[in-house]
Structures are given as C-alpha cells and as structure tokens.
Amino acid sequence: MDTFMQSLFLIFITLIASIYVYVFHKKKQSTIKNLPPGTFGWPIVGDETYQFLFQKIETFLQERTKKYSSEIFKTKLFGESTVVMFGPAANKFISMNEQKLVKVWYLKSQCKLFNLPDQNQTQEAMQKQVVVASAPVKMLGFLKPEGIVRYMRNNNIESIIHKHFMTHWEGKTELKVYPLVKSFTISLAFQFFLGIDESNYVAKFATKFEDLYYGIYSVPVNFPGSTYHKAMKGASEIREEIQLLINDKIDGLSKGKIMDDLLAHIVDAEKSGKYVPKIEISNIIMGLINSSYISIAVTLAFMIKHIGMRPYIYQRILSEHADIVRSKGYGTVLDWESIQKLKYTWAVAQETMRLYPAAPGAFREAKTDITYEGFIIPKGWKIFWAFIGTNKNHKYFEEPQSFDPSRFEGNVPAPYTYIPYGAGPRCCPGKDYTRFVILTFIHNLITKFKWEVILPDEKVSGALVPIPAEGVPIRLHRL
C-alpha cells in the first residue's frame, strides 16, 4: 500500500472512530434528564474550545446567554463536558459549596505547567497531595495586610519605586504605560516573593513569566513556536531557578542570615516541622508570581488611561493623595491606615477591574450530581465559573459599558454581583497584595505627574485577558 493510500486509510479510520465516539457520547447524554441548555459542538470539528479561547470571553458568554435565555448552559471545553455558570445566584451557590458539591479542577495545561498531580488518580493519592500542599497555604498570612506592610517597610521598597520612576518616567515627555507597569509589577513581585532586586535577573525571567501566564489557557500542543511550548519551556526554567534559590535560602538561614521574603519564610517553616518538598515550594511561588504580574499590570495600565482621560477623576485622586502626603510626608511607603483612606482611588481601581477583568473565571468539577435552578449537573462534569459574567450585564450595572467609579461609592454593588477575586474559601489570597501594589503605584505617579492619553480610542486586544493594543501611550508633565 503506497503512502497516499495509507494516509487515506488513516483518515477514513479516524473519521469512523470520531463519528462513533460522537454518536456514543450523544446517546449517553440523552439518558440524562434536565441538562442545562446548550451544545457540545460538531463531530470531527470538535467542541467549543476555539470560541472560548479566541473569541472575547464576554462575547462568548453574551451570545449563549441570549440564545438560551439562561445564565447556565452546557458546552464542551478542552474535551470535557462542561457547564458554564455565572450571575449572583451561581456565584453564591459555588462559593458556598466548595468541597461539598464541587472541587477545584485544573486544565491539562495547568497540570503540566505547574507539575500538578493527575486529577484522575485515587482519592487517597489526592488526599496526600492536599496534606503536602496545606503547609504553605497556612503561611499565606504573609499576604495579609499586616504582613505586606511590615515587609514593605523593612525592605526599603521605596528604593525600588524611586528607581523605577527615575529610570522609566523622569525626563520623559511621551511613553507607553503598559510595558512600564509590567516592568514594575514583576520587579516588585521578585523582591517580595524571592528577595531579589537585581534588574538584569528580573528582566531575564519577565518574558518567561509572561509566556507562562498566556500558556495556562492554551491548547496543550507542545510543538516549537506554540504558546503552550513557550510556556512549558519558561515554566521549566523558572522552576529550576527557584529550586536553586531555595538552596540559597537554606544555606543563608543556616548561617543566621536574616531573610524576609516569602520564599525564605516558607523554607524556614521546616524548623516548626512543616516540611514541604522543593518542587511544591517552587510551584507555589511560581503560581503566586504568575498571578501577581500581568493581572496587576493590566489593571494599572487601563486605570492610568481612564484617569488621564477624565480630569475630574484625576483631581479627586490627586486631592486624596495630597492628604496622605500632608499627614505622612512625601516619598514614604504607604501603611495600611493610609491604604484604607484611599477609598476613591480604590473605587477607580475596582471600576477598572470591572471593565477590564484579568481573571475571567475558574474551573470546578461536580463531586456528585448537582441540582441547580431545575437543571442537573452530572457528577464528574466540569464547571466553568465565570467571575466576569455579571460585569457588563445591565441587570446588575446601569450603563455597564461606561466608566463610572461612583458604582463603588456609597451604594456598592449587591452581594455576589462583582467578584474580581472569586468568592468563598478559595478567594484569591493575593487580593490585599494587589490592592497595596496598585494604590502604592498610583500614589507615586499622581504626586509626581500629570498626563494626557494620546490614543483615547485605542483598541483592546486579547480574548480571555484584555490588553491595550498600543500599550497606552501618554504625554507626561512633571508637577
């Protein structure tokens, strides 16, 4: 049989097998009553993963919500039968049933990138993993307000901030905001989590972390040049480097050296019997830096854009920060008391995160058959919990496309209508760190500069995460 005939035969066998799997799957689904409305896609062509990854996530949700007249629908994503849920009722239901009716489920790409265990292994094996991972979780008190402020005060963070603005902002008349806030957030993350402030070292790994970030929601096809391949390569190099740093921390601590970064705190926990394998520590640190980099930079970039486009917002923020300068002095690191006083600045940040959410949602798995709003979610099905499903919905926000920070003043959004960090026991542990970084950066920026946005109608690229297509170019004026 020649090569052509072999290829034709292979295609024919694949076609028959695919149709058989599709028909078997449809027959199996037809025996389950009261499934949510929706579709699993077409045979051969596959599921709706392509639309999910490459269509804007708001459009993906809005089209299906309109089609099915429901805030819950079924689909197939990444080869898995999936129910997409959002809205205040869904947000409350999932957050209150963590580990009761639902459990965390990770994409195959996440499992590979972060060396997570096989999610199909026995419950006993999974329990062992939970025990191993629980120790560092207990140390995330480091990410609470008092831990953050203590660290920032003790480690001369103002020098990092001063260096950033002197290097990238002072003396400039025009610049692009997004690349600069990315540089700032990764530099601060390396100092806070790893205790490293060497600019060349940070620059070396910044691109690797960016590749990792975009590789999480990618098709796990590992060929050169693909998003997933770059992410896998970056993750491997990052993990290897963090494990070398762990050895440095162990050596330094054994000699009595004072180290106050998060990695050192986790390593030092072994003294109290909380042993954590190096591979687990490296994965945790890698995950924390990953979630503290691009997401904060996106918020800062769009926040700075909207402040620059609205003089009345600029003036209110400037006034709020001038009060802090008068009481605390110029150039000092904000303490948590000051952070709490910046209510309007934080309202602007929240409105920015509502319109430009950097965390679209999270996956869960049904631990048992679940009944929700009259529908059945079968045991083992995956759930995509869309945090952003309410953000631009007129039912929950009046004129949802407009930028209006007053939504977060006085009569704040109703419970479970706005959850940028998720909700419930697995709410993002880095939310206080995010708040501190955003408000600290804006404080230093607005007490030094005024700016104008060069491209008010700049396009927003990105499907799952919004990215300013031109980097938010501005004209800068020193105060």
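A search of the whole structure, which is a predicted model, finds 22 salt bridges, where a salt bridge is a side-chain nitrogen of Lys or Arg within 4 Å of a carboxyl oxygen of Asp or Glu. Side chains of opposite charge can pair when their charged atoms come close. Because this is a predicted model, local features need pLDDT of at least 70 and side-chain atom pairs count only at pLDDT 80 or more, while totals for chains, interfaces and linings use all residues. Residues are numbered from 1 along each chain as its sequence is written, and side-chain values use heavy atoms, with hydrogens and water left out.

The table lists three of these pairs.

| Salt bridge | N to O distance |
|---|---|
| Lys182 and Glu210 | 3.0 Å |
| Lys249 and Asp261 | 2.9 Å |
| Arg407 and Glu351 | 3.0 Å |

Lys182 forms a salt bridge with Glu210, and this pair links distant parts of the chain, with Lys182 in helix α9 (residues 177-194) and Glu210 in helix α10 (residues 199-216), 28 residues apart. Helices here are DSSP runs of H or I with at least four residues, strands are runs of E with at least two, and both are numbered from the N terminus. Both Lys182 and Glu210 are buried, a word that stands for under 20% relative accessible area, whereas exposed stands for over 50% and partly exposed for values in between (1.4 Å probe, protein chains only).

The side chains of Lys249 and Asp261 also meet in a salt bridge. Lys249 lies in helix α11 and Asp261 in the loop between α11 and α12 (262-268), so this pair ties together parts that are twelve residues apart in sequence. Lys249 counts as buried because its relative accessibility is 8%, and Asp261 counts as buried because its value is 4%.

Arg407 is buried, with a relative accessible area of 11%, and Glu351 counts as buried at 0%. Elsewhere, salt bridges that share partners join Glu80, Lys103, Glu365 and Lys382 into one network.

Why does Asp251 count as partly exposed? Asp251, which is found in helix α11 (residues 227-254), counts as partly exposed because its relative accessible area is 37%. A polar contact of 3.3 Å joins the side chains of Asp251 and Lys255; such a contact is a pair of N or O atoms within 3.5 Å, and within protein one atom must be able to donate a hydrogen and the other to accept it, while residues adjacent in sequence count only if both atoms are side-chain atoms.

Turning to the chain as a whole, there are 18 helices and twelve strands, and buried residues make up 51% of its 479 residues. One of the helices, α18, is mostly covered, since 14 of its 16 residues are buried. Residues 24 or more positions apart account for 73% of the contacts with a separation of 6 or more, a contact being heavy atoms within 4.5 Å. The accessible surface of the chain comes to about 23,000 Å², of which 57% belongs to carbon and sulfur atoms; accessible areas come from the Shrake-Rupley method with a 1.4 Å probe, and for residues only the protein chains shown count as cover.
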